[in-house]
Amino acid sequence: MNSPRHENGPRGELSAPEADDVTVPAARGPRPGGPGPAERPDAGGDVGPLAATVERLRREVREAQSASDGRALIEMAKGVLVGKLGCGPAEAARQLAILAEQSGTTVLGLSVEIINEASRDRVSELAAEFLERAATDGDDTDGSAAVRLRAAESGLLSASDAQAVATALLENALAPLGAHGVVIWLAGADSSLTLAGQAGFTEDEALRWRYVPPEVATCARLALVERGPAFVSRLSDSGMPSIGRRRHPHGGRIAVPAGTGGRIHGVLEVCWPQPLAPQPPRIIRQIEALAELCAHTLEDPTGAGTPSVPGRTPHAAVAELTSLADHLHDPALVLTPILGPAGGLTDFRVHHANDHFTDPAGRPRSAVGGSTFLEAYPLAAEDNGLFEKLERVYATGESFQTRRMTLTAFIDDVPLTAVADASITRHGTALLLIWRIEDETARLASLLQHAQRLGRIGGFEENFTTGEITWNGQLFSLYGLPAGASPVPLEALPAHAHPDDITSISRFLRTLMHYRREASVAFRLQRPDGVTRHIRIVAEPVQDADGSLFAVRGAYQDISAQHWTEVALAATRDQLAYTEAESAERSRLALQLQHAIMPPAPAPLDAPGIRIGVRYRPAESQALIGGDWYDSVVLPNGQVLLCVGDVAGHGIEAATGMVVLRNALRGLAVTGAGPAQLLTWLNAVAHHLTSDLTATAVCGIFDPERRVLRWARAGHLPPILVRGARATAFPLTKGLLLGAVPNAEYEEEEVQLEPEDTVLMYTDGLVERRDTSMMDSLTQLLGLAQRESPSLESRLDRLLTHSRSDTDDDTCLVGVQVR
């Protein structure tokens with residue numbers, strides 16, 4: 001045998017004993033002369049020496065067990081050398097010591113490598129994987145992972161049950177990692193967990209956690225559901241319940257599924273007393289290897305390696321499942337696992353298909369039975385995830401059910417698809433897949449029943465030869481009769497209808513039975529409970545081969561909701577027509593009132609020292625008739641009153657409010673007061689003498705002798721002065737809109753005008769736009785106003801024509817040209 005190669009240099013010493021150092025503590029009997037004082041039961045009640053003795057004996061037992069495990073591995077390696085070298089046990093021991101010294105490792109570590117090399121089993125593969133990754137990652141340079149695996153395996157082989165397995169795992173492999181407890185959970189078919197074995201916890205703690213329901217979210221449950229390692233760094237932060245939490249509330253947990261061949265039998269949970277930092281990959285791999293070692297024990301909870309039921313073999317269990325599938329009325333398949341070279345699940349064999357099996361492609365049972373599942377249904381691994389569901393049920397034992405899953409099969413490379421309800425359960429090592437392909441006829445019948453219920457439609461058929469009348473359940477409900485009542489024949493229909501509808505029903509029956517043509521009628525059905533329903537009946541005659549009337553079939557429909565909707569709609573139409581007529585009349589009156597006071601195109605006005613032009617454009621929609629107004633009056637003192645205003649709102653209210661303010665301002669102006677005082681009085685009129693009237697206005701008084709314009713504004717846009725080729729806006733003086741508050745003050749300004757100056761006064765309908773601010777619109781108006789015009793009228797026409805307003809509001813424009 002060639003010597004093992006060690007390319008990583010010397011390795012660290014292991015704590016396990018070497019070949020020549022393995023000793024078993026001598027048995028201790030009573031000392032001559034009887035037990036000492038500390039050993040006597042009546043030694044004065046001092047239990048301190050007795051406790052120390054018990055602890056010493058326990059320590060010696062553990063050391064003896066550790067020595068026994070190490071010695072067993074060394075003796076096994078000696079046996080390998082005896083077989084390979086053909087020498088005796090003494091020579092094999094000497095060669096083992098020489099090789100260990102030359103390689104710079106311990107005898108126990110070298111023994112484990114020799115065993116791994118010779119056995120080539122799963123533990124050897126895991127150990128080789130650890131060593132290979134350790135050489136790359138730079139960890140586990142002393143090969144302790146492989147030693148712990150072999151020592152743990154030795155403990156597992158000598159363990160009598162899962163409890164002993166947990167003890168062996170903790171002492172041989174996990175205690176060196178700092179763990180204080182080990183729990184082996186047995187997984188149930190419903191994803192519940194049963195405590196199979198534990199080490200490091202009290203009996204009371206184990207008794208409280210003997211069973212964990214599937215609804216409890218523990219670390220072990222998480223590993224079972226995710227089918228992978230679960231890590232909890234600190235129990236107090238996770239909020240998870242866990243065994244040992246009372247004693248170590250801040251401890252960490254690592255849980256790894258324990259399974260073989262793609263099937264999970266349970267979970268190995270390792271517990272630390274302190275918070276656990278993320279572990280390096282080598283530690284996780286070691287725990288996974290230990291979980292795989294104890295998976296065979298979980299297959300047989302007794303640990304004896306025999307079936308749990310005497311005489312019951314896996315083949316017998318599959319045979320029983322096959323018999324069960326044959327007694328089902330739904331299509332069913334019995335699937336057995338196919339394992340790959342590495343022991344992992346790769347596919348399922350279709351072991352059996354029952355007599356009711358229906359394939360989406362119409363293939364016979366013989367075409368599917370005996371093949372693999374992915375061969376029969378290749379899209380199950382991609383489209384609907386059915387194969388993933390099979391894997392999960394096989395791994396965890398948790399059943400799966402779903403409705404309307406798509407199944408696709410191929411025949412001559414043509415995909416054929418069916419929709420089915422599927423159910424998957426695990427029985428021993430086999431799966432039972434039941435699916436029920438949806439019956440299109442039954443589904444359409446169900447849809448028809450729902451449609452009849454939602455549409456309140458009841459069907460009937462009356463046979464005149466036998467006198468038999470057939471009603472569906474909905475028709476009994478329409479008539480207000482119990483399901484067991486006698487159906488009402490067509491000839492008795494007038495007795496159940498409103499008297500005013502008897503003539504229509506008689507015409508319907510004559511057309512149907514005498515002329516033998518399809519007919520329909522709407523009538524009021526008077527039910528026995530006093531309720532009247534509006535019903536429409538449609539029927540057709542059925543004739544035999546001789547042309548005689550054989551039967552009548554048809555349907556009733558409750559149209560009460562439609563009838564009352566039509567009645568309400570007719571009333572709404574009448575109300576709408578009345579409202580439209582009233583609105584049109586109000587708009588006509590408002591328009592007449594507006595035109596009577598301010599015609600749309602008044603003639604130019606001449607006043608002392610000025611020429612006045614007016615343009616008025618009403619809203620395009622008559623429903624938006626507004627309250628824009630203007631006025632120019634020569635006062636008794638020779639001065640001229642100029643004003644423009646806009647009443648808020650539209651319609652007859654705005655038009656009448658405009659008349660009130662316009663006439664009030666005319667009457668107040670004869671007092672000779674200035675514009676600010678006039679607006680103050682006009683505000684009092686709007687607030688006290690009208691109902692909820694608000695308005696904006698600009699008021700000016702022109703003195704023709706001095707060519708001075710005094711003006712004030714009440715929430716209105718300022719006038720524009722056009723002088724030569726320049727147009728400027730008057731300043732924004734202080735002034736609230738009219739009618740807002742009972743007392744308001746207004747500022748008055750004076751403007752010295754020159755010959756040929758033009759003052760423009762307007763309402764916001766000339767410039768207001770939805771997408772532009774008022775200041776930007778005013779700037780555009782100034783640019784348009786300063787263009788040269790041959791006359792005042794042409795200037796006003798151009799401003800009105802090129803107005804960019806888009807609010808469809810009234811527009812009033814007044815131009816005053818100084819002579």
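Accessible areas here come from the Shrake-Rupley method with a 1.4 Å probe, and for residues only the protein chains shown count as cover. On that basis the chain exposes about 41100 Å², with carbon and sulfur atoms supplying 53% of it. This is a predicted model, where local features need pLDDT of at least 70, side-chain atom pairs count only at pLDDT 80 or more, and totals for chains, interfaces and linings use all residues. Residues are numbered from 1 along each chain as its sequence is written, and side-chain values use heavy atoms, with hydrogens and water left out.

**The chain overall**

The chain has 22 helices and 27 strands; these are DSSP runs numbered from the N terminus (helices H or I, at least four residues; strands E, at least two). Of the 819 residues, 44% are buried, where buried means under 20% relative accessible area, exposed over 50% and partly exposed in between (1.4 Å probe, protein chains only). Take the contacts (heavy atoms within 4.5 Å) between residues at least 6 apart in sequence: 60% of them join residues at least 24 apart.

An open sheet of 6 strands runs in the order 17-18-27-26-23-24, with antiparallel pairing. Its edges are strand 17 (605-607) and strand 24 (726-729), each pairing on one side only. From one strand to the next, the twist averages 20°.

The angles run from 0 to 180 degrees between N-to-C directions, using axes fitted to C-alpha atoms (for helices, over the stretch in contact).

| Helix | Lies across | Angle |
|---|---|---|
| Helix 21 (residues 774-785) | strands 23, 24 and 26 | about 150° to strand 24 |
| Helix 22 (residues 792-801) | strands 18, 23, 26 and 27 | about 25° to strand 18 |

Helix 22 is mostly covered, with 7 of its 10 residues buried.

**Nonpolar cores**

A nonpolar core is a set of buried Ala, Val, Leu, Ile, Met, Phe, Trp, Tyr and Cys residues joined through side-chain atoms within 4.5 Å. The largest one has 28 residues, and W629, L641, L661, L665 and L678 touch the most other members. Strand 20 (640-647), helix 19 (652-669), helix 20 (675-688), strand 21 (695-703) and strand 22 (708-714) each supply at least two residues of this core. Not counting residues up to four places away in sequence, L661 touches W629, V647, L682, A686, L693 and A695. A second, separate core of 27 residues includes F348, A376, A380 and Y394.

**Aromatic pairs**

Rings of Phe, Tyr and Trp (its six-membered ring) pair if their centres lie within 6.5 Å; planes under 30 degrees apart count as stacked, over 60 as edge-to-face and the rest as tilted. The structure holds 8 such pairs. In one of them, the ring centres of W471 and F476 are 5.1 Å apart and the planes sit at 65°, so the pair is edge-to-face. Both W471 and F476 are buried. Ring pairs also link F460, W471, F476, Y479 and Y556 into a cluster.

**One residue up close**

T322 has its place in helix 11 (residues 314-326). T322 is buried, with a relative accessible area of 14%. Leaving aside neighbours within four places in sequence, T322 is in contact with V334, H351 and H352.

Notes:
Pairing = 2+ DSSP bridges.
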